[in-house]
Amino acid sequence: MDMRVAVGGLMLQNPVMPASGTFGEEMAQVIDLNALGALVTKSVTPLPRMGNRSPRVAETMAGMLNSVGIQGKGITAFVRDTVPFYREFQSPLVVSVSADTADEFADLASSATVPGVAALEVNISCPNLEDDGRSYAMDPVQTRRVLEKVRAATRLPLWAKLTPNTGALTEVAQAAEAAGADALVVANTILAMAIDVETRKPKIGNVMGGLSGPAIKPIIVRMVYQTARAVRIPIIGCGGIASGNDALEYLLAGASAVQVGTYNFVQPTAMLTIIAEMEAYATRHGVTRIADLIGAAQQM
Amino acid sequence: MGAVSTVRSMNDVRKAAMRELPERETRGFSESASGGMRGQSESLAQIGGVLFNQQVSTRYWHLAVSAPTAAAACAPGQFFYLRCGDDGEPLLRRPMSVYQIHRERGELHFLYAVKGVGTTRLAQLRTGDSLDMVGPLGHGFTLHPDWRGVLLVARGVGLATLGPVAAAANRMGIRVTAVLSAQTERDVLSESYMRSCGACTLVVTDDAGTSGVAAMRELVANILASEPIDALFTCGSQRLTALLQEMAAERGLPGQAALEEPMGCGLGVCYCCVRPFARKEGIEQLRVCRDGPVFPLAEVITR
Ligand SMILES: Cc1cc2nc3c(=O)[nH]c(=O)nc-3n(C[C@H](O)[C@H](O)[C@H](O)COP(=O)(O)OP(=O)(O)OC[C@H]3O[C@@H](n4cnc5c(N)ncnc54)[C@H](O)[C@@H]3O)c2cc1C
Ligand SMILES: Cc1cc2nc3c(=O)[nH]c(=O)nc-3n(C[C@H](O)[C@H](O)[C@H](O)COP(=O)(O)O)c2cc1C
Ligand code: FES
């Protein structure tokens, strides 16, 4: 069974990788990182960040809300401590980067371009301080502007991570492609809210947060399907994947690879099960190359 | 003699369980990279066999599972992240600290209050069912062999978390005094277990009007004045934590508190369970699941 897929400048041994923010060094205690298609870090920022106030998580029906607020130690400590840890593993390392302005994004991309890093995932779903806190990926013009600057700052393959919180999804996708992105990650969390009726207060400290988990899968599958028709670069599907069939659904919709987020919390070994289930499916259906399934459900 | 060797073996076991993760001192932002975590595949993911799961009062249940590997690796104050339903409801796991560790029998016990969907599902487990558990997780309590006596003050489900501390202290020859606080007498479930571990227990309840802050302050002050207490341990109440913090600071006593916070991963990767702590270097945002759940009493910021 040939499980390899080509994604934005990289050849992956299989299409399954973790979603940013749901994976870290500690996962090496639970699963063999060498079995994954790639390793994706939580978003790293130019400077250390404290993150949002607690509580940062609330469970909802078949999903969860989070407002972590990208807590982290910043790019300097990341390059010094985290990159060497991942060099021990053969799966390619994809570093997610997040910044407040386009220039900061470019500086950050250049600082993250170090040996051991195989690609950058540009988290343009985060708030843009130059545009009243709306995220870059809500708007094609802002998307193109920030990605062109990042493109000029690094030679690494660039994956642009889009937000589902826009009415201009395909235009944003095309803007990212035009700016030189090598692949698109579709998508980040859906902006949402939950209220505790007993206390009459929002359930998370930040009031609003990002919805993830099985509840969002049909929405994001639709977005992958639409995006795949609008661009020529590969797409990485991300949203609510819990099983091999969920991952296959994304491939059939047009994704070349998938990211698993929330389900890593439910079952820390989930990504390994998903890979095994995809292989079993391919064997059962006489598919010799998993890549042959990409976009098979697209109506031409 | 015996006491010292217990501590050593407990620390060794805990080190093995932590898979050479960064030491306590390097928590927070300064986490160091460690190649030592490699190749420990699936070691924390376990299936326990339910031995019994009994309702022990109106709200509380006592669950015992057979899980020899986990029991051998588990230290007081650590927790397990339990899957409560395998049909996707609830989606996330539920954190439960370990209430009794019986290494020789390969058993772990939990004491839990039925609150919402997760614990309701947990209460449906029957003898012979399997329980999907991740753990042991987090940093537990530390006991010092030189200590003469320790005071445990817990409320509600916090009583469960302090159970194994009483047992470990007893094995080390440290005298345990425990003040157990609950709504009603019937909810003070760990009293007989604590007594069987040689603890001297005092029960206070809302019903009897003995659990208020003023009454507690007097009770704890009397204990500290009349007994050789070298450290304080607490869990289960912000109010009690604040009170003990104050009393420990006045007397220059060390203390430890076990905290709770809603979790995502339970493993330390997602930063969902973070809350602020007052550390020497200033306010730090630490993960309850990984840097805790047990923290130095003085560093806890109550809310
Ligand atoms: C480290 C740790 C150890 C714990 N040990 C025990 C124990 O030994 N015995 C016991 O009875 N309880 C313990 N708890 C609390 C227990 O995890 C919650 O009561 C339980 O998650 C409630 O789930 P539910 O679905 O029944 O309630 P719901 O209210 O329906 O839960 C909704 C969501 O909130 C979360 N949540 C609710 N209360 C808490 C809480 N206090 N702490 C963290 N998350 C919460 C749940 O996990 C879930 O995601 C512990 C919590 C932590 C963090
Ligand atoms: C706790 C948590 C933290 C996250 N942090 C980030 C992040 O730092 N950067 C990012 O691009 N996406 C982040 N995400 C979004 C995920 O990468 C993913 O896009 C989203 O959760 C949808 O996938 P899922 O349904 O499989 O979880 C985070 C998600 C969660 C649940
Ligand atoms: S729950 Fe994920 S870091 Fe603590």
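Helices (H or I, at least four residues) and strands (E, at least two) are DSSP runs, numbered from the N terminus. On that basis chain A has 8 helices and 16 strands, and chain B has 7 helices and 15 strands.

This is a predicted model, in which local features need pLDDT of at least 70, side-chain atom pairs count only at pLDDT 80 or more, and totals for chains, interfaces and linings use all residues. Residues are numbered from 1 along each chain as its sequence is written, chains are lettered from A and ligands numbered from 1 in the order in which they are written, and side-chain values use heavy atoms, with hydrogens and water left out.

## The two chains

The C-alpha trace of chain A spans about 50 × 50 × 40 Å along its principal axes. The radius of gyration, taken over C-alpha atoms, can be set against a globule rule of 2.2 Å times the number of residues to the power 0.38. For the 300 residues of chain A a compact globule would have a value near 19 Å, and the 18 Å of chain A agrees with this.

Buried means under 20% relative accessible area, exposed means over 50%, and partly exposed lies in between (1.4 Å probe, protein chains only). A contact means heavy atoms within 4.5 Å. Accessible areas come from the Shrake-Rupley method with a 1.4 Å probe, and for residues only the protein chains shown count as cover.

| Chain | Buried residues | Contacts at least 6 apart in sequence that join residues at least 24 apart | Accessible surface | Part of surface from carbon and sulfur atoms |
|---|---|---|---|---|
| Chain A | 60% of 300 residues | 70% | about 11,200 Å² | 53% |
| Chain B | 60% of 303 residues | 68% | about 11,800 Å² | 51% |

The place of a charge is NZ of Lys, CZ of Arg, CG of Asp or CD of Glu. Chain A has 24 positive and 27 negative side chains, and the centres of the two sets lie 2 Å apart.

## Strands and sheets

Strands of a sheet pair through backbone hydrogen bonds, either parallel or antiparallel. Here two strands pair if DSSP finds at least two bridges between them.

Chain A holds an open sheet of 8 strands with parallel pairing, in the order S3-S16-S15-S10-S9-S8-S7-S4. Its edge strands are S3 (16-18) and S4 (39-40) of chain A, each of which pairs on one side only.

Within this sheet, S15 (residues 235-238) of chain A is covered on both faces: Ile235(A) and Gly237(A) are buried on one side, and Ile236(A) and Cys238(A) are buried on the other. S15(A) pairs in the parallel sense with S10 (residues 183-186) of chain A over 3 bridges, where Leu184(A) stands opposite Ile235(A). S15(A) also pairs in the parallel sense with S16 (residues 257-260) of chain A over 3 bridges, and there Ile236(A) stands opposite Ala257(A). Elsewhere in the order, S8 (residues 119-123) and S9 (residues 158-162) of chain A pair in the parallel sense over 4 bridges. Asn123(A) has Lys161(A) in S9(A) as its bridge partner.

In chain B, S13 (residues 274-279) and S14 (residues 282-287) pair in the antiparallel sense over 6 bridges. S13(B) and S14(B) form a hairpin with 2 residues between them, and Arg279(B) stands opposite Gly282(B) in S14(B).

## Residues in loops

Gln71(A) is in the loop between S6 (63-66) and H1 (75-87) of chain A, and is buried with a relative accessible area of 1%. In chain B, Ser190(B) is in the loop between S9 (175-182) and H5 (191-196). Ser190(B) counts as buried, at 0% relative accessibility. Neighbours within four places in sequence aside, Ser190(B) is in contact with Tyr99(B) and Leu159(B).

Most residues other than glycine have a negative phi, and most peptide bonds are trans. Some residues in the loops depart from this pattern, as follows. Phi of Ala62(A) is near 55°; Ala62(A) lies between S5 and S6 of chain A and is partly exposed at 29% relative accessible area. Phi of Arg200(A) is near 60°, and Arg200(A) is exposed at 74%. The peptide bond from Ser54(A) to Pro55(A) is cis, with omega near -5°. Another cis peptide bond joins Glu89(B) and Pro90(B), with omega about -5°.

Definitions and conventions
Lys and Arg count as positive and Asp and Glu as negative; His and the chain ends are not counted.
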